[in-house]
Amino acid sequence: MDYKIVDGVRYTRKHEWARPEGETAVIGLSDYAQDKLGEIVFVELPEVGAEVEAGKGSAVIESVKAVADLYAPIDGTVVEVNEELLDQPELINSDPYGDGWVYKVEIKDESQLEELMDKTAYEVFVAEEEE
Amino acid sequence: MDEAKKTPFYEKHAALEGKIVDYSGWLLPVQFSRGLVEEVHATRRKATLFDVSHMGEVSVKGNDAEIFLQKIVTNDISGLKNGAIIYSPVCYPDGGVVDDILIYRIDKNNYFLVVNAANTGKDYNWFLENRSGDVELENLSADYAQLALQGPESMAILQQITAEPLVEMKYYHFRKDVDVAGANCIVSRTGYTGEDGFEIYCSNADASDLWDALWEAGQIHELSPAGLGARDVLRLEAAMPLYGHELSRDITPLQARLDRFVAPGKAIPFNGREALVKQKQEGINRLLFGLEMLERGVPREGYPVTAGDKEIGWVSSGSYSPTLDKFIAMAFLDPEAVEETEELRVQIRSRSYRVRTTKLPFYRREK
């Protein structure tokens with residue numbers, strides 16, 4: 001199975017991604033994660049202004065069969081959420097790195113991003129998970 | 001726990017890229033590559049093929065077979081004709097449920113029971129404990145493979161590979177020793193999806209060829225494979241109970257609204273009769289209801305249901321319904337509280353969501 005793994009974002013071991021855009025970072029779920037979950041039917045978003053903490057639950061993604069926490073890749077304050085997902089949660093399936101983004105945070109500590117995996121490292125990580 | 005078993009169709013699932021899970025000790029596909037939602041639609045609109053080889057089969061034979069069955073099941077099988085099938089709960093003396101089963105009557109002294117996979121061992125022991133007189137029991141579960149062909153195109157597909165006149169087979173009827181593409185099968189017009197369809201039992205040795213024959217016959221009818229995930233959603237839409245959810249050691253058939261499968265008036269007293277009659281007289285404080293979400297949110301098993309600030313029950317099964325494009329659930333609720341309240345909610349994690357009761361089943365096919 002081939003999963004889309006894009007450049008310019010950093011990945012966690014729980015299959016979230018973070019894309020730095022100036023002072024903020026966009027957060028979402030990887031193609032691998034959306035495929036494992038199956039058809040996504042509901043997303044519980046954080047509130048704008050909420051503080052999220054790296055490794056802690058920050059949103060909930062539900063497919064028909066499963067409930068999955070989206071763990072925050074980095075610390076930060078939520079500055080925007082993707083409200084499109086409330087009516088079209090399936091955007092995470094169809095465009096996980098684009099229209100299926102989940103929320104944006106104000107970056108607190110740049111170094112947390114550096115600690116996450118880049119494209120190459122994540123490709124190796126996913127290949128190992130598949131074995 | 002023993003290592004999970006492969007059914008004779010395991011290689012077929014692997015070739016079709018099924019996502020395999022361990023279900024009650026069996027390695028079975030939960031879904032295939034195009035996803036659960038499409039599998040549900042395909043079952044309602046065309047036809048799908050399910051591997052249900054995990055189901056258990058028990059043979060009951062002997063001069064006292066009918067009396068034995070009448071004692072252990074809540075339904076009345078005295079009117080059951082040869083070639084007909086009846087559904088029934090099996091109860092403990094306190095009214096709790098051992099399992100819910102299908103009884104195929106071959107003749108007065110010969111029955112074929114189909115039981116839930118996870119309960120097969122427990123059921124068989126329960127049958128042995130309750131056996132008396134001339135009753136011969138045999139656990140045939142390891143001998144049979146089983147496929148469920150479900151959906152409106154099912155008959156057209158199956159008819160291509162058998163000479164048995166399927167149009168003459170009524171719902172909840174079966175024939176044994178049916179030649180299907182050269183395999184000796186039991187074929188019944190039954191299923192767990194709310195659609196027309198057939199369940200086909202064959203020997204493990206014939207299983208692979210039978211799958212291939214059905215697959216080939218199904219191509220012009222757009223037959224596709226479906227997994228356990230779709231099966232669970234389909235049965236929920238049709239409001240069919242699932243043991244462990246709507247029935248259990250602690251839930252009686254009356255709580256699950258299965259009154260029409262409980263016959264307290266039948267000639268032979270059965271396990272659970274007194275307890276169930278008493279429950280009916282005293283009233284039921286937890287009764288099965290259909291729920292439909294009024295806000296987007298997935299009601300899942302175990303989530304509390306509230307009326308005002310009072311908890312009045314729990315969700316037993318819930319899901320997104322692809323057929324209705326709604327979020328639905330079955331729940332055990334205090335019927336008086338349901339009657340009185342105008343503010344029914346399901347608690348999902350830290351928030352509560354508005355929900356209303358709705359008639360069961362959620363989905364009924366047009367005939």
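**Chain A, then the domains of chain B**

Author: Chain A contains five helices and nine strands. This is a predicted model. Going along the sequence, the order of elements in chain A is β-β-β-α-β-β-β-β-β-α-α-β-α-α. The radius of gyration of chain A is 13 Å, close to the 14 Å that the globule rule gives for 131 residues, so chain A is as compact as a globular protein of that length. Of the 131 residues in chain A, 42% are buried. Contacts can also be sorted by separation in sequence: among those in chain A between residues at least 6 apart, 64% join residues at least 24 apart.

Now to chain B. Its division is into domain 1 (5-51 + 142-237), domain 2 (57-140) and domain 3 (259-358). Between the C-alpha centres of domain 1 of chain B and domain 3 of chain B the distance is 31 Å. Seven residues from domain 1 of chain B and eight residues from domain 3 of chain B take part in the contact. On the domain 1 side, helix H2 (36-45) and helix H7 (228-237) of chain B each supply at least two residues. H2(B) gives the largest share of that side, four residues. Sorted by class, the side of domain 1 of chain B that touches domain 3 of chain B has four nonpolar, one polar and two charged residues.

How values were computed: Residues are numbered from 1 along each chain as its sequence is written. Chains are lettered from A and ligands numbered from 1 in the order in which they are written. This is a predicted model: local features need pLDDT of at least 70, side-chain atom pairs count only at pLDDT 80 or more; totals for chains, interfaces and linings use all residues. The radius of gyration is taken over C-alpha atoms; the globule rule is 2.2 Å times the number of residues to the power 0.38. A residue is buried if 20 or more other C-beta atoms lie within 10 Å of its own, exposed if 12 or fewer, and partly exposed in between; C-beta atoms are placed from the backbone. Two residues are in contact if their C-beta atoms, placed from the backbone, lie within 7 Å. Domain bounds come from an automatic or database domain assignment. Ala, Val, Leu, Ile, Met, Phe, Trp, Tyr, Cys and Pro count as nonpolar, Asp, Glu, Lys and Arg as charged, and the others, Gly among them, as polar.
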